[in-house]
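Visitor: I would like to learn how to read a protein model. Please take me through it one feature at a time.

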Amino acid sequence: MDKSKADSIITEYLPKIYGFAIKKAFSYDEAEDLCGDIVQEVYLALLRAGEIHNLEGYIWRISVHVHAKYVAFKKKHLGVSIDGMDFPFYDNYDSIFENAWEETARLRREIAYLSKTRREIVYLFYYENWSISSISEKLAMPEGTVKWHLNKARNELKEGFTMERKKGTLGMSPITALSFGHSGIPNPDQSDTEYYLQDKLNLNIVYSVYHEPRSLKEISEELGVTPVFLEDRVEFLEANGFLVRAAGNRFTTYVDFTPRTYSREQQDAGMKVQQDAAKILAKEYVPLVRRAMAEMKDVYLPGGNRELLDAAAIFQGVCLSFQNSDQRDLSKYYVKTTAGGEFIPMVTLSSSPSDPEYKPVFDMNQYWSCGDMWRNSNKYPVGAWAVDTKFCSRQGGWQENHTSDYEYLYEFMNGTLIQNPSNAEKFERLRQRGYLTDDNRVNLIVVKEEGDKFFQKIPLVSQQLRGTLVQKALENATMKAKQYPPQMQDLIMNWEKNSIIGRPAAIMLLDILYQNGTLKPLTQREMAASQLIVFSDILP
């Protein structure tokens, strides 16, 4: 169509187009905007068109189409009104709407802070234009309840819209784990605390309720993350025991996080108690254990060195003597995962001394241990007990201590594991761990007895001496427990009273025995066998 004819048609239909816009708009300004859009679209369409048989119908269809696009644009960018507030749905706004978008962004944030149910009702009612009865049917909820949630949602949005939300401490400075650990039985696939909390958001969700219980909304405010992004994670962590319901629909946790600060002087005081205990045990307890081990028969000793058995028995005897010095019920501290694990999760955080000027006497790294690591085969009558300490050359801790290692060893001992290409990987694994020498000799203590029965033969520290040593440890255990939140103090008291004369003291005791010549220093080969006993129905 030529330009002059198009101009004529526009002049003729302009009043009708403006009348259409007035009926559809909510203000004169809006009507003028809509009218202008329609006129532009009609004019361009006329210039492109050839012969038009129904001109009025043609212009009407264009007008309806432009109005539909206009409504979609308004809904997309300006949102739906909720008691005078805009309900936003999209993030990419044009700069000309900058002020409006700031308001809608704030409202969108507040909608995200609504509960899952209220969020869904608000969306269906205001954006999808569902009726109360339709929402009631969809959510299987009485209409009165839907109305109640809508009213509550409006009030929450109004309140949130006018308040200033700030990120909490964890939102500004989230924690990072240095390491993960557990006490108990990991998942069948050997995954433990790290599997659930290695994700930084999961870690900080759990830590956010460590010092005080928090609701989902309070967790989100602390982390500076809206609840909509936390709901699935919170459900996952609760299902696996890392979050526990508390009063007022809040969450707490029993994960053992190390304190962010510690006292070097207090640590030294605890280590001094352990050292004093080790000196007493060297005189009064070690001779009893060595006599008991001298009577043990049916034992294979690498290189014939009975001191390897003595050292393992002394270490475990000290730990067994003090493991029940505190009888608190610790069942609530065990997470029971959906994958089948049951353990107390532990997280080591970066910490700093509260007394940095204090020069410690003891090197804490010297008294690290990993165990007790029990491994029992379902395939053969074989199992093992191990604790990794500085006296061992083994690497990898519990994750590298495989039940299959002892099954391979059992096959070697019963003659079914023959050195050939098909068994090369098994032999390589045993040699890599130091369990088998290059000339095919077993390099582990093997006892022809069940583990529980063997350890029952190790004499315990006398009740009188135990009471004296535990009493000395009590003050330090109490001080240590006070550094933890209230829900964690039973666990810390139990562990501190049991362990302060437990593994660290046992390591100090072995230090004394190796240094004063009671036990000969370990060779490199013997360090692969140190603090590890295999229990079997046969000997090499």
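Visitor: What share of the residues of the chain count as buried?

Guide: Buried means under 20% relative accessible area, exposed means over 50%, and partly exposed is in between, with a 1.4 Å probe and protein chains only. Of the 540 residues of this chain, 46% count as buried. This is a predicted model, in which local features need pLDDT of at least 70 and side-chain atom pairs count only at pLDDT 80 or more, while totals for chains, interfaces and linings use all residues. Residues are numbered from 1 along each chain as its sequence is written, and side-chain values use heavy atoms, with hydrogens and water left out.

Visitor: How many helices and strands does the chain have?

Guide: Helices (H or I, at least four residues) and strands (E, at least two) are DSSP runs, numbered from the N terminus. The chain has 22 helices and 15 strands.

Visitor: Which residues touch the most other members of the largest nonpolar core?

Guide: In soluble globular proteins, nonpolar side chains tend to be buried together. A nonpolar core is a set of buried Ala, Val, Leu, Ile, Met, Phe, Trp, Tyr and Cys residues joined through side-chain atoms within 4.5 Å. Here the largest one has 51 residues, and Met293, Phe454, Leu509, Leu510 and Ile533 touch the most other members. Helix α15 (residues 307–322) supplies the largest share of this core, ten residues. Apart from it lies another core, of 36 residues, including Ile175, Leu203, Leu230 and Leu237.

Visitor: What is leucine 509 in contact with?

Guide: Contact means heavy atoms within 4.5 Å. If neighbours within four places in sequence are left aside, leucine 509 is in contact with Ala278, Leu281, Ala282, Val286, Ile314 and Val318. For the chain, take the contacts between residues at least 6 apart in sequence: 73% of them join residues at least 24 apart.

Visitor: Where is valine 255 found?

Guide: Valine 255 is in the loop between β5 (250–252) and β6 (256–257). Its relative accessible area is 1%, so valine 255 is buried. Beyond its neighbours within four places in sequence, valine 255 is in contact with Leu197, Val206, Tyr210, Phe242, Pro345, Val347 and Met488. Valine 255 and tyrosine 210 are 45 residues apart in sequence, and their C-alpha atoms are 7.9 Å apart in space.

Visitor: Is tyrosine 196 buried or exposed?

Guide: Tyrosine 196 counts as buried because its relative accessibility is 1%. Its place is in helix α9 (residues 193–197). Not counting residues up to four places away in sequence, tyrosine 196 touches Asn187, Asn202, Phe236, Leu237, Asn240, Phe242, Thr337, Ala339 and Phe343.

Visitor: Which residues of helix α16 are buried?

Guide: An α-helix has 3.6 residues a turn, so residues three or four places apart point the same way. In α16 (residues 403–413) the buried residues are Asp405, Tyr406, Glu407, Leu409, Tyr410, Glu411 and Met413. Among the elements that cover them are β12 (370–376), β13 (382–388) and α17 (424–432). After α16 comes glycine 415, whose phi is positive, near 85°.

Visitor: What lines the largest cavity?

Guide: Rolling a probe the size of a water molecule over the atoms shows where empty space is left. On a 1 Å grid over the protein atoms alone, a cavity is a set of points where a 1.4 Å probe fits but cannot get out, and lining residues have an atom within 4 Å of a point. Grid points are joined across faces, edges and corners, and a volume is the space filled by probe spheres set on the points. The count is one cavity of 30 Å³ or more, and about 30 Å³ of space lies in the largest cavity. Its lining consists of Asn305, Glu307, Leu308, Ala311, Tyr514, Leu519, Lys520 and Leu522. Helix α15 gives the most to this lining, with three residues.

Visitor: How many disulfides does the structure hold?

Guide: A disulfide is a covalent bond between the sulfur atoms of two cysteines. The rule used here is a pair of cysteine sulfur atoms within 2.5 Å. The structure holds zero disulfides. Cysteine 35 is buried, because its relative accessible area is 8%.

Note on methods: On a 1 Å grid over the protein atoms alone, a cavity is a set of points where a 1.4 Å probe fits but cannot get out, and a pocket is an open set with protein on both sides within 12 Å along at least five of seven lines; lining residues have an atom within 4 Å of a point.
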